Amino acid sequence: MTCEQTQALVKSHRSAVLTTGQNTYDRYVRQFGNECDWPEVPTAAAVPTRDGQCRVYHCEEPTFNRSP
């Protein structure tokens with residue numbers, strides 16, 4: 001799939017499980033939606049597509065960097 005097709009698939013289904021390698025996969029979600037369980041939030045990720053790396057989002061707990 002191309003990047004555009006991948007992003008359209010995730011957007012139209014609200015989330016999708018994509019293979020990211022021969023024996024690996026992960027669940028990707030829309031950037032703005034409620035597909036993540038609290039306290040997780042949509043976080044940018046890159047997946048390989050036919051036309052290069054593609055920006056999508058997956059659920060991850062937020063990290064807060066506090067400066068001293």
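Me: Where is Gly-21 found in this structure?

Reply: Gly-21 is in strand β1, residues 15–21; strands here are DSSP runs of E, at least two residues, numbered from the N terminus, and helices are runs of H or I, at least four. Keep in mind that this is a predicted model, where local features need pLDDT of at least 70, side-chain atom pairs count only at pLDDT 80 or more, and totals for chains, interfaces and linings use all residues. Residues are numbered from 1 along each chain as its sequence is written, and side-chain values use heavy atoms, leaving out hydrogens and water.

Me: How many salt bridges does a search of the whole structure find?

Reply: A salt bridge is a side-chain nitrogen of Lys or Arg within 4 Å of a carboxyl oxygen of Asp or Glu. The search of the whole structure finds two. Glu-35 pairs with Arg-14, closest N and O atoms 3.3 Å apart. That pair links distant parts of the chain, 21 residues apart: Glu-35 sits in the loop between β2 (24–29) and β3, Arg-14 in the loop between α1 (3–13) and β1. Glu-35 also bridges to Arg-30, with 2.9 Å between the closest N and O atoms. Shared partners join Arg-14, Arg-30 and Glu-35 into one network.

Me: Is Glu-35 buried or exposed?

Reply: Buried means under 20% relative accessible area, exposed over 50%, partly exposed in between (1.4 Å probe, protein chains only). Glu-35 counts as buried because its relative accessibility is 11%. Arg-14, at 45%, is partly exposed, and so is Arg-30, at 24%.
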